[in-house]
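Good morning, and thank you for making the time.

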Amino acid sequence: MTFPLIFVAFVAAAIGVAYLSYLAKKKRREDFALVATQLGMQYWPEDPFGLLSEPFALFRKGDGRGIENVLAGPYQTIDTKAFDYWYYDESTDSKGHTSKTYYRFDCVVVPIDAACSPLAIENENVLTRLADALSFHDIEFESEDFNRMFNVKSPDKKFANDFVDARMMQWLLQNGKGTAFEIMGDRLLSYRRKLAPMEIVTLLGMSKAFLDHVPAVVYSLYARAAPIPPEVQAGVEAANEAKWTAGHYTPPTTGDDATPPMPG
C-alpha cells in the first residue's frame with residue numbers, strides 16, 4: 001500500500017473512531033436524562049454546581065479532571081447529586097511523546113447531618129497494601145475479615161472507630177465490595193468504577209443504605225452547630241448597627257464573631 005493510501009486509511013479510521021465516540025457520548029447523555037426522568041430528578045450534561053470544589057480526595061487526583069452527566073434532586077427524601085467523574089494522569093516517554101491515562105467513575109454525593117472528620121473507606125487492593133508498606137497505615141479494627149477486605153484511613157482514629165462500628169462493618173462486608181466511601185465534614189461521597197446509566201440507581205441505593213447504618217453516636221458526639229435563623233441574625237445585626245450609630249457598640253473579642261485588633 002502506497003503512502004497516500006496509508007494516510008487516507010489512517011484519517012478515515014480516526015474519523016470513524018471520533019464518530020463512534022460521539023455516538024457513545026450522545027447515547028450516554030440520553031440514557032442519563034431518561035434515568036433522571038424516571039427518578040423525578042433533574043439532569044444536566046455538564047456540572048452546574050461546581051462539584052469539583054468539594055474537598056474530597058478523589059477530586060484532587062490526576063493532572064486533569066472533569067464532571068459531566070449530573071443528576072440532582074431528592075432520592076428517597078435525601079438531597080442527592082449523582083454524576084460521571086473522570087481524571088487523567090499525563091506521562092511523557094523517552095522520545096518526548098505525551099500520553100494520558102484516563103480513570104472513570106460514577107459518584108453520588110449526599111449530606112450527613114454531622115460534623116465529621118475526614119474518613120475514607122476503600123476496598124483493599126495492591127495499591128492500598130503498597131501504601132501501608134510505605135508507612136501510610138490504615139486503621140485496624142477488631143474484625144480480621146473486615147481488615148482484609150477494607151482499607152480505612154482518617155486523621156482521627158477515635159472518630160473512625162465511632163463511625164465504623166460492628167453494625168457498619170457487617171453491612172460493608174455484605175454489601176461494600178466494589179464501592180468506596182469518603183466522608184468530609186457534612187458530605188458523603190460514594191463511588192464506583194464507571195457504571196451504565198441505569199446502574200446509577202444501585203449506587204444511589206448504596207449511599208442511602210450507608211447513611212442508614214451511620215451509628216447514632218456519630219450524630220450525638222459530632223453534632224453540627226445549629227444555624228442561626230435568618231430573622232434572628234437580622235435582628236442581631238440591626239441591634240449592633242443601632243449601638244454602633246449611638247457610639248455604644250463594642251465588637252466581641254472572643255468566639256466566631258470576634259473582631260481582630262487593629263494594627264498599631
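By buried I shall mean under 20% relative accessible area. Please keep in mind throughout that this is a predicted model.

Let me begin with the cavity. The count comes to 1 cavity of 30 Å³ or more, and the volume of the largest cavity is about 30 Å³. Which residues line the largest cavity? They are Y75, I78, T80, V108, V110, L204, S207 and K208. Two or more of the lining residues come from each of β3 (78-92), β4 (98-123) and α6 (200-212). By class, the lining has 5 nonpolar, 2 polar and 1 charged residues.

I turn now to the helix. With 3 residues, α6 gives the largest share of the lining. Its buried residues are I200, L203, L204, M206, S207, K208, A209, F210 and L211. As for its length, 13 residues at 1.5 Å a residue should span 18 Å, and the end C-alpha atoms of α6 are 19 Å apart, which agrees.

Next, the strands. β3 and β4 are antiparallel and pair over 12 bridges. They form a hairpin with 5 residues between them, and G96 in the turn has a positive phi of about 85°. T92 stands opposite T98 in β4.

An antiparallel pairing of 11 bridges joins β4 to β6 (residues 180-193), where F181 is the bridge partner of I121. Another 4 bridges join β4 to β5 (residues 150-153), also running antiparallel, and here N123 stands opposite F150.

I welcome your questions.

Methods
Residues numbered from 1 in each chain as written. Predicted model: local features only at pLDDT ≥ 70, side-chain atom pairs only at ≥ 80, totals over all residues. Heavy atoms only, no water. 1 Å grid on protein atoms, 1.4 Å probe; cavity = no way out; pocket = protein on both sides within 12 Å on 5 of 7 lines; lining within 4 Å. Points joined across faces, edges and corners; volume = space filled by probe spheres on them. Nonpolar A, V, L, I, M, F, W, Y, C, P; charged D, E, K, R; others polar. Expected span 1.5 Å × (residues − 1). Buried < 20%, exposed > 50% of the residue type's maximum accessible area, 1.4 Å probe, protein only. Pairing = 2+ DSSP bridges.
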